[in-house]
Amino acid sequence: MSSTQPFPNVHLLAQSKQLLGLYTIIRDKETKRSDFIFYSDRIIRLLVEEGLNHLPVTPKTITTDTKQKFEGVSFLGKICGVSIVRAGESMEQGLRDCCRSVRIGKILIQRDEETALPKLFYEKLPDDIADRYVFLLDPMLATGGSAIMATEVLIQRGVLPERIFFLNLICSKEGIDNYHAKFPDVRIVTGAVDAGLDENKYLMPGLGDFGDRYYCI
């Protein structure tokens, strides 16, 4: 991790002019839904590619069509995606675009109206998930409550924390601190770290409700 990264075990996408332009579009409340989806998908693809950069590899020598040897690498291990329903499902196609026939699991977590705490409602995960590297998918990391519960589910199913990559578009310092207080070995891959949270625990400046903007007409 380079010195430009803001927190330990957080991999922040290179803050290029192109990336800033993409975030300017999706943060703008006037952006049409079709454009929001298109440019969000571009960012999601970048996040997946960055996550793949951190998977282990082994040296591999192949022969090219010109009968020359090429010293390359081969990925080690299998991966799967696990989306936190529903907003996290928006990131599944970006993973499929990069990884053919990738397995996808789902975890549904909603706020308990009586306690205001996250509550697990549903999970469907690959039977061999403990043997895989897992890309946990959720666009926003605010307080970290849902992500913490989802990660607990993965660890209970035998996934090692160091094999989990939490991919999100925007996170807060508070969310990072809360999440890494529980799981310091899980790597977060993100494109933006926002200034903080408002009194309602929404990311600031944020972009609103990602799931509503992505799925609702």
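## Sheet and nonpolar cores of a predicted model

β4 (residues 78–85) and β5 (residues 103–111) are parallel neighbours joined by six bridges; helices (H or I, at least four residues) and strands (E, at least two) are DSSP runs, numbered from the N terminus. This is a predicted model in which local features need pLDDT of at least 70 and side-chain atom pairs count only at pLDDT 80 or more, while totals for chains, interfaces and linings use all residues. Residues are numbered from 1 along each chain as its sequence is written, and side-chain values use heavy atoms, with hydrogens and water left out.

The pair belongs to an open, mixed sheet of seven strands in the order β1-β11-β9-β7-β4-β5-β6; two strands pair if DSSP finds at least two bridges between them. At its edges lie β1 (10–12) and β6 (118–124), each pairing on one side only.

| Strands | Sense and bridges | Bridge partners |
|---|---|---|
| β1 and β11 | parallel, three bridges | His-11 and Val-189 |
| β4 and β5 | parallel, six bridges | Val-85 and Leu-108 |
| β5 and β6 | antiparallel, six bridges | Ile-109 and Leu-120 |

The largest nonpolar core has 33 residues, and Phe-135, Leu-167 and Leu-169 have the most contacts inside it. Such a core is a set of buried Ala, Val, Leu, Ile, Met, Phe, Trp, Tyr and Cys residues joined through side-chain atoms within 4.5 Å, where buried means under 20% relative accessible area (1.4 Å probe, protein chains only). Elements giving two or more residues to this core include β7 (132–137) and β9 (164–168), and α2 gives the most, with seven residues. A second, separate core has 27 residues, among them Val-10, Leu-125, Ile-129 and Ala-147.

Key. Buried < 20%, exposed > 50% of the residue type's maximum accessible area, 1.4 Å probe, protein only.
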